Amino acid sequence: MIYIPQKIKSIVGGQKPGTDSVGMSRARVLLYEKMVLKVEEESEETVHEAQALGWLQGRLPVPKVICHESHEKMSYLLMSRLPGTMACDKLLMGDPERLTAILARGLEMLWQVQTQDCPFDSGLDRKLEMARYQVEHDLVDVDDAEPDTFGEGRFRDPRELLAWLEQNRPEEDPVFSHGDYCLPNIFVEDGRISGFIDLGKAGIADRYQDIALCYRSLEHNYRGKYRGGKDVGGFCPDRLFAHLGIEPDREKIRYYILLDELF
Ligand SMILES: Nc1ncnc2c1ncn2[C@@H]1O[C@H](COP(=O)(O)OP(=O)(O)OP(=O)(O)O)[C@@H](O)[C@H]1O
Ligand SMILES: [Mg+2]
């Protein structure tokens, strides 16, 4: 049985929650009819997520924070439940062209957020500083990396990758960035984005932070990397660029995917 702070118990009442099985972090997510409780170890990211959700009210469709409590180094974030389904939902995945168009619109929604008064910096100075912390404290999960990141003829270890990232910083084109723009973090209803979740890394960052992770997430989901996924022959994640109307900067895509390996 999971501990739930009294204040949150009194809000959710006697409801029996369902649990989520998609998330990859150590978070436990309890799904109530209209609310969601995310329980995880307290960190800079859990504090950031609650603050970002607050700042984004009225700027983007995101859950409302109902109550955020901390108890014995655990964070308890009770928020409203978004309508719709995750972008990795089977039905949505069944029409890759349409799904890619929806995800491109989602990126454009993020880029429309005015950044002048955004208090969250997720730019490279900060990301590389956080990446250094991860490396120096042995927190990088090498087994979770893309198959071509580490190994013979590739990066020897996270330390070598970090050095490369520090020496090969691309110029930044700052926009409001989600920070972890992958399919399970985007909700869709009636063919439109109904909301964004998992905003612990959100803030001002290069446009390619989100393009790169969206591209990687499309690739993973369509190549059947995840449970229940299947390889959809003929679908090419490059369609994302067509829907965004851009010529992709492949080097930046590679850079931001590599950077994410350290988190
Ligand atoms: N407000 C919400 N409304 C609806 N569903 C939610 C909400 N918050 C979380 N969920 C569900 O729980 C899942 C996990 O939540 P979240 O993405 O915040 O954590 P996580 O996936 O464990 O973290 P990470 O993506 O870093 O691994 C989501 O993919 C979604 O299915
Ligand atoms: Mg998530």
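Modeller: Let me begin with a contact: the side chain of Asp-206 makes a polar contact with the side chain of Lys-252 at 2.7 Å. The model is predicted, with local features needing pLDDT of at least 70 and side-chain atom pairs pLDDT 80 or more, while totals for chains, interfaces and linings use all residues. Residues are numbered from 1 along each chain as written, chains are lettered from A and ligands numbered from 1 in the order written, and side-chain values use heavy atoms, without hydrogens and water.

Colleague: What makes the pair Asp-206 and Lys-252 a polar contact?

Modeller: A polar contact is a pair of N or O atoms within 3.5 Å, where, within protein, one must be able to donate a hydrogen and the other to accept it, and residues adjacent in sequence count only if both atoms are side-chain atoms. The distance between the side chains of Asp-206 and Lys-252 is 2.7 Å, so the pair is within the 3.5 Å limit.

Colleague: Why is Asp-206 called buried?

Modeller: Buried means under 20% relative accessible area, exposed over 50% and partly exposed in between, with a 1.4 Å probe and protein chains only. Asp-206 has 0%, and is therefore buried.

Colleague: How do you know which class Asp-198 belongs to?

Modeller: Its relative accessible area is 24%, so Asp-198 is partly exposed, whereas Asn-185, at 6%, is buried.
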